[in-house]
Amino acid sequence: MSNSVVLKIDNLESYYGPIMAIRGVSLEVRQGQIVTILGANGAGKTTLLKTISGVMTPAKGTIELNNEPIAYLEADRIVKKGLVHVPEGREIFPLLSVYENVIIGAYTRNDKKQIAADLEMVYNYFPILKERGKQKAGTLSGGQQQMLAIARGLMSAPKVMLLDEPSLGLSPLLVEEIFTILKRLNKEQGVTMLLVEQNARVALEVADYGYVMEIGRIVMADDAKKLAASKDIQAFYLGVSEAGERGQKRYKQRKTWR
Amino acid sequence: MDFWQLAISGLANGSVYGLIALGFVLIYKATEAVNFAQGDFMMMGAFITIWLTNEQYLGFSFWLAIPLAILIMALLGYLLDVVVIRRMFGQPQIAVIILTIALGFIIRFAAGAIWSHEPQLLETPFAGREVHFGGLVLGFEEVAVIIVTLLLTMFLFLFFKKAKLGKAMQAASQNQLAAYYVGIPVKRIQSLVWALGGSVAAVAGILFASKGAVDPSTGLLGIKAFAAAVIGGFGSLPGALIGGLIIGLIEPFAAYGLPAGYSQVAPYALMLLVLIFRPAGLFSQMHKKKV
Ligand SMILES: Nc1ncnc2c1ncn2[C@@H]1O[C@H](COP(=O)(O)OP(=O)(O)OP(=O)(O)O)[C@@H](O)[C@H]1O
Ligand SMILES: [Mg+2]
C-alpha cells in the first residue's frame with residue numbers, strides 16, 4: 001500500500017440545481033489499484049464520476065490528479081491530463097463506425113505513432129472490435145458496445161480510468177469476460193481504475209480497495225477482501241442473508257454504519 | 001421556353017436554397033438549435049461581398065472580396081455563438097428560435113440602413129458571359145453556381161468523413177455527452193459549427209448575388225430553404241442539398257405549367273406531402289438523438 005496516490009478527492013460537493021447529490025466525499029486511489037465504489041441506485045455514484053471527469057462542476061472541494069488540481073477544469077482538459085471516464089450505459093457514437101469510435105478516443109492526442117501502437121494494443125484485448133471495425137457502432141450488441149466504450153477510453157492513454165457500471169445489462173458470462181479484461185488491463189498496462197458497480201460480487205473480486213456510498217456520502221471504506229467478508233456488505237450488496245430473501249426483513253435489519 | 005434552360009435555372013436557384021438548407025442542418029445537427037436567420041445570413045454575406053468589391057463601394061478585387069466575405073461571415077457566426085447562443089444553454093429550444101427570428105429582423109433592418117433597400121447586383125469579372133453546351137446557351141453564372149455548390153458540398157462531405165475536426169463535429173452532434181467524455185471541447189466545436197454555417201451562408205449569398213439582384217428582404221427565401229431542409233430530412237447534408245435542388249426545379253416548372261398564385265405554393269405543398277407521407281424526410285438518417 002505504499003504506492004503513491006494518483007487520485008485524491010477531498011470534501012467534494014455537487015448539486016443538481018437545489019438538490020445536493022454529492023455531500024462531502026473524500027477518497028483516494030493509489031497507483032496501479034482498482035478501487036471500487038458500491039452503492040444502491042441513486043446513491044450518487046454516477047454523479048461523483050461525472051464531477052471527477054469534469055462533465056459536472058463541483059460546488060465545493062478539491063480533486064487532485066498526480067498532485068495537480070483538476071476540479072473546475074473543462075472535461076477535455078482533464079482527459080488530456082490523463083483521466084478518462086467510461087460512462088454508464090455505453091454512450092457511443094451510433095452513426096460512426098466502430099473504428100471511428102475507437103480512434104476518436106485519442107482525440108486529445110497528437111502522437112500518431114503511439115496512437116497506432118495503442119490501437120493495436122486495444123484490438124489485442126478486444127479482437128471483436130477489429131473484426132467489426134467497419135460496422136456502424138449503433139448496430140453492435142450491448143456487450144460489444146460496452147467493450148467499445150472501454151476501448152475508446154483506453155485510446156486516450158489514461159493514467160486513471162473511471163468506469164461506471166461496466167456490467168450493466170450484460171449476461172453473467174459476458175460480465176466475467178469484461179472483468180477479466182479489466183483485470184488484465186490493470187495488471188499488464190498498469191491502468192489505475194476507479195470502478196463503480198452494482199454487481200458487488202465481481203467488483204470486490206477484482207478490486208484492491210472499496211468504498212460504500214449512500215445518499216451522497218461515503219459510509220464505509222476498507223480493503224476489498226474485508227468488505228467482501230463484512231456482514232453488512234453481504235446482506236445489502238452480495239445478497240447473502242441469514243434472514244432469507246424476504247425484502248421486508250432485510251429492510252428492517254439495521255446497518256451498523258448508520 | 002426550352003426545357004433544359006428552365007431546368008438549369010431551376011437547379012441554380014435550387015443550389016442556393018440547398019446551401020442555405022445545409023446551413024440549417026449543420027447548425028441543427030451540432031447544436032440542436034435552428035438558426036432561422038440563416039437566410040438573412042445569406043443576404044448579409046451577399047451585401048458584404050457587394051460592399052467589398054463593387055465600384056460604388058470599396059472596389060476591392062473580386063478574388064480578394066470572396067475569401068474576405070466568407071471569413072467575415074465565419075467570424076460573425078462564431079461570435080454569435082460565443083456571445084449569445086452559448087449563454088442560452090439550458091433554455092427551451094423555442095427561446096433560441098425566437099432569438100434567431102429576431103436576429104433576422106435586425107440583420108434586415110441593418111442591411112437596409114447601411115446599403116439601402118435598392119436591389120443590387122454583385123459585380124463579377126464574368127458578367128454577361130455565356131456558356132455554349134450542345135446547342136444550349138446558358139448563363140455563365142448559373143452554371144458556375146451549380147458547379148460551386150457541388151464542389152462545396154463535396155468538400156463538406158469529405159471534411160466530415162476524413163478530417164479530425166469534422167469527425168469531432170459529427171461525434172458532438174450524435175452524442176454530446178459522450179463527446180465530452182472523450183475529451184472533445186464541445187463548446188468550441190459548436191462555435192466552429194456556427195462559423196461554418198456563417199461561411200456556407202456567405203457562399204450562398206455570393207452565388208445568389210452574382211446571378212440576380214439582392215435587397216435586404218432577399219433573406220426571406222430562407223423559408224423555402226427551410227422547406228428544402230425538411231424535405232431532405234433535417235439531419236442529412238446531402239438530403240438538404242437535394243431538397244434544395246428539388247424545390248429549385250419545381251418552381252420554374254410550376255410557374256410554367258400552373259396558373260399564377262398556385263405555382264408559388266408548390267414548394268410548401270411538396271413539403272406538406274413529404275411531412276405526411278415520410279415524416280422523417282426523404283433522406284433521414286435513422287437514429288435517436290441522445291442527451
Ligand atoms: N440530471 C439530474 N437532475 C436532477 N437530479 C439528478 C440528475 N441526475 C441524477 N440526479 C439525482 O441525483 C442522485 C444521484 O444520482 P446518480 O445517477 O449519481 O446515482 P447512481 O448512484 O449512479 O445510481 P445508479 O446506480 O442507479 O446509476 C439521485 O437522487 C438522482 O435522482
Ligand atoms: Mg449511476
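The following legends describe close-up views of a predicted model.

**View 1. The interface of chain A and chain B.** In this predicted model, 26 residues of chain A are in contact with 25 residues of chain B. Between them the two chains bury about 2100 Å², and 65% of this area lies on carbon and sulfur atoms. A:Phe93, A:Leu95 and A:Tyr107 contribute 32% of the area that chain A buries against chain B, more than any other three residues.

View 2. In a salt bridge of 3.9 Å, N to O, the side chain of A:Glu74 meets that of B:Lys187. Side chains of opposite charge can pair when their charged atoms come close. Across the interface of chain A and chain B there are also six residue pairs in polar contact, with both residues at pLDDT 80 or more. On the side of chain A that touches chain B, at least two residues each come from helix H2 (75-80), strand E6 (83-86) and helix H3 (98-104) of chain A. H2(A) provides the largest share of that side, three residues. By residue class, the side of chain A that touches chain B divides into 13 nonpolar, six polar and seven charged residues.

**View 3. The two domains of chain A.** Chain A is divided into domain 1, made of residues 5-82 + 158-257, and domain 2, made of residues 94-157. The centres of these domains, taken over C-alpha atoms, are separated by 24 Å. In the contact between them, 20 residues of domain 1 of chain A meet 13 residues of domain 2 of chain A. Together the two domains bury about 1400 Å², with 73% of it on carbon and sulfur atoms. Within domain 1 of chain A, the residues that lose the most area to domain 2 of chain A are A:Pro158, A:Ile181 and A:Leu185, together 32% of what that side buries.

**View 4. The side of domain 1 that touches domain 2 in chain A.** Across this interface of domain 1 and domain 2 of chain A there are zero salt bridges, while two residue pairs are in polar contact, both residues being at pLDDT 80 or more. H2, strand E7 (160-164) and helix H7 (172-188) of chain A each supply at least two residues of the domain 1 side. H7(A) gives the most to this side, with eight residues. The domain 1 side that touches domain 2 of chain A comprises twelve nonpolar residues, one polar residue and seven charged residues.

**View 5. The surroundings of ligand 1.** Ligand 1 is surrounded by 13 residues, of which the closest are A:Asn41, A:Lys45, A:Thr46, A:Thr47 and A:Gln198. For A:Thr46, an N or O atom of the side chain is 2.6 Å from an oxygen atom of ligand 1. A:Glu88 places a polar side-chain atom 2.8 Å from an oxygen atom of the ligand. From A:Gly44 it is a polar backbone atom that lies 2.9 Å from an oxygen atom of ligand 1.

**View 6. A salt bridge within chain A.** Over all chains, the count of salt bridges comes to 15. One of them joins A:Lys81 and A:Glu68, whose closest N and O atoms are 2.8 Å apart. This pair links distant parts of the chain, 13 residues apart. A:Lys81 belongs to the loop between H2 and E6 of chain A, whereas A:Glu68 is in strand E5 (residues 68-69) of chain A.

Note on methods. Residues numbered from 1 in each chain as written. Chains lettered and ligands numbered in written order. Predicted model: local features only at pLDDT ≥ 70, side-chain atom pairs only at ≥ 80, totals over all residues. Heavy atoms only, no water. Contact = heavy atoms within 4.5 Å. Buried area = accessible area lost by both parts, 1.4 Å probe. Salt bridge = Lys/Arg side-chain N within 4 Å of Asp/Glu carboxyl O. Polar contact = N/O pair within 3.5 Å; in protein donor to acceptor, adjacent residues only side chain to side chain. Helix = DSSP H or I, 4+ residues; strand = E, 2+ residues; numbered from the N terminus. Nonpolar A, V, L, I, M, F, W, Y, C, P; charged D, E, K, R; others polar. Domains from an automatic or database assignment. Near = heavy atom within 4 Å.
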